[in-house]
Structure formats: C-alpha cells, structure tokens
Amino acid sequence: MASNKMKVDIYTDGAARGNPDGPGGYGCILRYTDPDGNLHEREYSEGYKQTTNNRMELMAAIAGLEKLIKPCSVTIYSDSKYLTDAFNKHWVESWVRKGWKRGKNEDVKNVDLWKRLLDAMKPHDVEFVWVKGHDGDDLNERCDALATAAADSLR
C-alpha cells in the first residue's frame with residue numbers, strides 16, 4: 001500500500017577534522033516537493049568540538065529528521081556505510097536487544113545519538129540509502145562542503 005505522506009529526501013555528510021580531538025561538523029540537505037509541485041531544498045550545518053566522523057554522520061541524519069514538522073516518507077542518503085548498514089543490516093535492532101552491546105559484549109559507541117536518531121525516526125517511514133562519497137553527486141558534494149565548512153569554522 002502506498003503512503004500518502006509527503007516524500008522527503010535527506011542528504012547527509014559528516015566531517016571530522018583532526019579526529020577525534022579536533023572539531024567536526026555535519027552538513028544536511030532536505031529536498032522535497034510541495035503540494036503545488038514546487039521543488040524545495042533547505043541546508044543545515046553545524047560544528048562540534050572533539051568529535052568523530054561517525055558522530056557527525058549521525059547528527060546530520062538527526063538534524064534532517066528533526067526539521068520535519070509532520071510525518072513524512074523519508075529517504076536518507078549518506079556516504080557513511082556505518083550509518084546505512086546500521087539500519088539496512090539491522091545492527092541497531094540487534095544492539096537494542098543486546099542492551100547496546102555488539103560482538104563479544106563490546107559497548108556500542110554513540111548510544112546517545114543512536115537513541116536520539118531512533119526517536120527522530122518514529123513518526124516517519126524511513127529508508128537509508130548509501131551513496132558513494134566524492135562521486136560527483138551534487139547534493140552529496142554540497143553536504144560534504146557544508147560539513148567541512150562547519151568543522152573548519154571551529155578551528
């Protein structure tokens with residue numbers, strides 16, 4: 001059955017400059033078509049101190065979802081295999097069942113952000129799609145530039 005929710009594409013990228021003790025940043029672009037058929041794009045970016053690339057990828061996805069006002073059908077495009085595999089290969093569900101452990105009881109990193117991402121996803125139909133980084137995809141390249149500029153602004 002097809003969803004009657006508005007379709008939104010979220011492109012994400014994270015940058016860790018001087019990982020893990022330097023500043024990092026994320027870039028996020030939301031693309032959607034309004035009821036009148038007009039295409040819209042909105043950009044968001046922010047920098048964080050002492051962070052890693054995985055945290056920035058998570059923040060980019062969270063920021064995009066948290067900007068949505070009503071439930072939507074969302075596709076999140078990310079060049080982070082870790083982020084997309086976490087959902088497409090059901091790692092997150094496994095971590096939750098194991099009490100946020102992975103492998104041989106190794107703690108899952110960034111649990112605070114994984115939980116926040118799961119909360120942000122709740123009202124939406126979300127799928128994750130991996131895109132190869134630096135392959136010339138305009139939105140992916142713009143997200144990378146946003147993330148890098150946000151990280152560098154903290155230097």
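## Exercises around helix α4

The buried residues of α4 are V111, L113, W114, L117, A120 and M121. Buried means under 20% relative accessible area, exposed over 50%, and partly exposed in between (1.4 Å probe, protein chains only). Helices (H or I, at least four residues) and strands (E, at least two) are DSSP runs, numbered from the N terminus. This is a predicted model: local features need pLDDT of at least 70, side-chain atom pairs count only at pLDDT 80 or more, and totals for chains, interfaces and linings use all residues. Residues are numbered from 1 along each chain as its sequence is written, and side-chain values use heavy atoms, with hydrogens and water left out.

### Exercise 1: the cover of α4

Find what covers the buried residues of α4.

*Solution.* 

### Exercise 2: two helices

Work out how α1 packs on α4.

*Solution.* 
- Step 1. Helix α1 spans residues 53-66. Its axis and that of α4 are 9 Å apart, at an angle of about 25 degrees. Axes are lines fitted to C-alpha atoms, for helices over the stretch in contact, and angles run from 0 to 180 degrees between N-to-C directions.
- Step 2. That angle makes α1 roughly parallel to α4. Angles under 35 degrees count as roughly parallel, over 145 as roughly antiparallel, 65 to 115 as roughly perpendicular and the rest as oblique.
- Step 3. The crossing of α1 past α4 is left-handed: the near helix is turned anticlockwise from the far one by less than a right angle, whereas clockwise would be right-handed.
- Step 4. Now list the contacts. From α1 come R55, L58, M59, A61, I62, L65 and E66; from α4 come D112, L113, W114, R116, L117, A120 and M121.
- Step 5. An α-helix has 3.6 residues a turn, so residues three or four places apart point the same way.

### Exercise 3: aromatic rings

How many aromatic pairs does the whole structure hold?

*Solution.* 
- Step 1. Rings of Phe, Tyr and Trp (its six-membered ring) pair if their centres lie within 6.5 Å; planes under 30 degrees apart count as stacked, over 60 as edge-to-face and the rest as tilted.
- Step 2. The search finds nine aromatic pairs.
- Step 3. One of them is Y82 with W91: tilted, 6.3 Å centre to centre, 50 degrees between the planes. Y82 is buried at 19% relative accessible area. W91 is partly exposed at 32%.
- Step 4. F87 and W114 also form a tilted pair, at 6.0 Å and 50 degrees. F87 lies in helix α2 (residues 81-88) and W114 in helix α4 (residues 111-121), so this pair ties together parts 27 residues apart in sequence. Both F87 and W114 are buried.
- Step 5. Ring pairs link Y82, F87, W91, W95, W100, W114 and F128 into a cluster.

### Exercise 4: F128

*Solution.* 
- Step 1. F128 is in strand β7 (residues 125-130).
- Step 2. Its relative accessible area is 6%, so F128 is buried.

Technical notes:
Contact means heavy atoms within 4.5 Å.
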